[in-house]
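Please consult the sequence and the structure alongside the text.

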Amino acid sequence: MILVTGATGHVGGELTARLAASGRPVRALVRNAAAPPAGAEAAVGDLDRPDSLRPALKGVRGVFLLPGYADMPGVLGECARAGVEHVVLLSSIAAADGDMDNAISRFMILSEEAVRASPVPWTILRPSGFMSNTFQWTAQLAAGDVVRAPFPTVPVAMIDPYDIAAVAARVLLDPAHHGRVHALSGPEPLLPADRVRLLGEVLGRPLRLDGLTDEEAREEMAADGTPPAYVDAFFRYYADGTLDDSRVRPTVAELLGRPPRTFTQWATAHADAFQEDHR
């Protein structure tokens, strides 16, 4: 049995579907069991309360684990007590910077430290920015053809969550990946304007980018409810240049025997999400 945390998220959902389709027994950790993902057994638990995970961990061999919860050492302790044989942690390429003053890097670093300190064998996945972050544009595109986006001059080698899930499925229960850190990226660095253009081609719409100034970006992030520490973290990465998220890495191709999916492939798969309510 494999336990997938974040099973209704972009990566966890893809992983749950992939494992179920391959015939592997999969258990989805959810806050309530009303609507478990298709093909998965639901288990109720809260990662912020490690003791609540005990029923969910019964009989589990592998765990796909999200980062950043209140007591990550406690979560790993419950995994160890349950006899889990392998934990695959979803981290971030940002964890490599070691910057404990950056709120996002900090919770990734602390999560990795908890995994490394646990007696449970582990693998860490450090992806670049997600192509699914483009879903942030759905409301704008429901209203028209202009996308307002921050950091217009910053390229990111975005990765499809489908590929992260495929890598996770590949390494789960494989002892050859114990103690390894896999840095993952998409096939090419893309500016926001590149994503707008490619998405427009898929949708058949004349989309255009309106790049935000740093001042405008700060105001919009604050208005959207982004915590101030996270706003500062993004500005450290992309305005101050502490993170180079443009590097293309060979890991996906090496592990899966195929190139990572392109942004056009991602956009084609999710085109319906950008067409709803468009007038």
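## Cavity

One cavity of 30 Å³ or more is counted in the model. On a 1 Å grid over the protein atoms alone, a cavity is a set of points where a 1.4 Å probe fits but cannot get out, and lining residues have an atom within 4 Å of a point. Grid points are joined across faces, edges and corners, and a volume is the space filled by probe spheres set on the points.

The model is predicted, with local features needing pLDDT of at least 70 and side-chain atom pairs pLDDT 80 or more, while totals for chains, interfaces and linings use all residues. Residues are numbered from 1 along each chain as its sequence is written, and side-chain values use heavy atoms, leaving out hydrogens and water.

The largest cavity holds about 40 Å³ of space. Its lining consists of Leu3, Thr5, Leu29, Leu47, Leu53, Leu57, Val63, Leu65, Val75 and Cys79. By class, nine lining residues are nonpolar, one is polar and none is charged. Here Ala, Val, Leu, Ile, Met, Phe, Trp, Tyr, Cys and Pro count as nonpolar, Asp, Glu, Lys and Arg as charged, and the others, Gly among them, as polar.

## Pockets

A pocket is an open set of points with protein on both sides within 12 Å along at least five of seven lines. The largest pocket contains about 1500 Å³ of space. It is lined by 45 residues, of which Phe130, Asn133, Gln136, Phe234 and Tyr238 are closest to its centre. Helix H9 gives the most to this lining, with four residues. The lining comprises 27 nonpolar, 13 polar and five charged residues.

The second largest pocket contains about 230 Å³ of space. Among its 13 lining residues, Gly6, Thr8, Leu29, Val30 and Arg31 lie nearest its centre.

## Helix packing

The axes of H3 (residues 72-81) and H4 (residues 103-117) come within 9 Å and cross at roughly 30°. H3 is therefore roughly parallel to H4, a term for angles under 35 degrees. Axes are lines fitted to C-alpha atoms, for helices over the stretch in contact, and angles run from 0 to 180 degrees between N-to-C directions.

Met72, Pro73 and Leu76 of H3 make the contact with Ser111, Ala114 and Val115 of H4, where contact means heavy atoms within 4.5 Å.

Key:
Helices (H or I, at least four residues) and strands (E, at least two) are DSSP runs, numbered from the N terminus. Angles under 35 degrees count as roughly parallel, over 145 as roughly antiparallel, 65 to 115 as roughly perpendicular and the rest as oblique.
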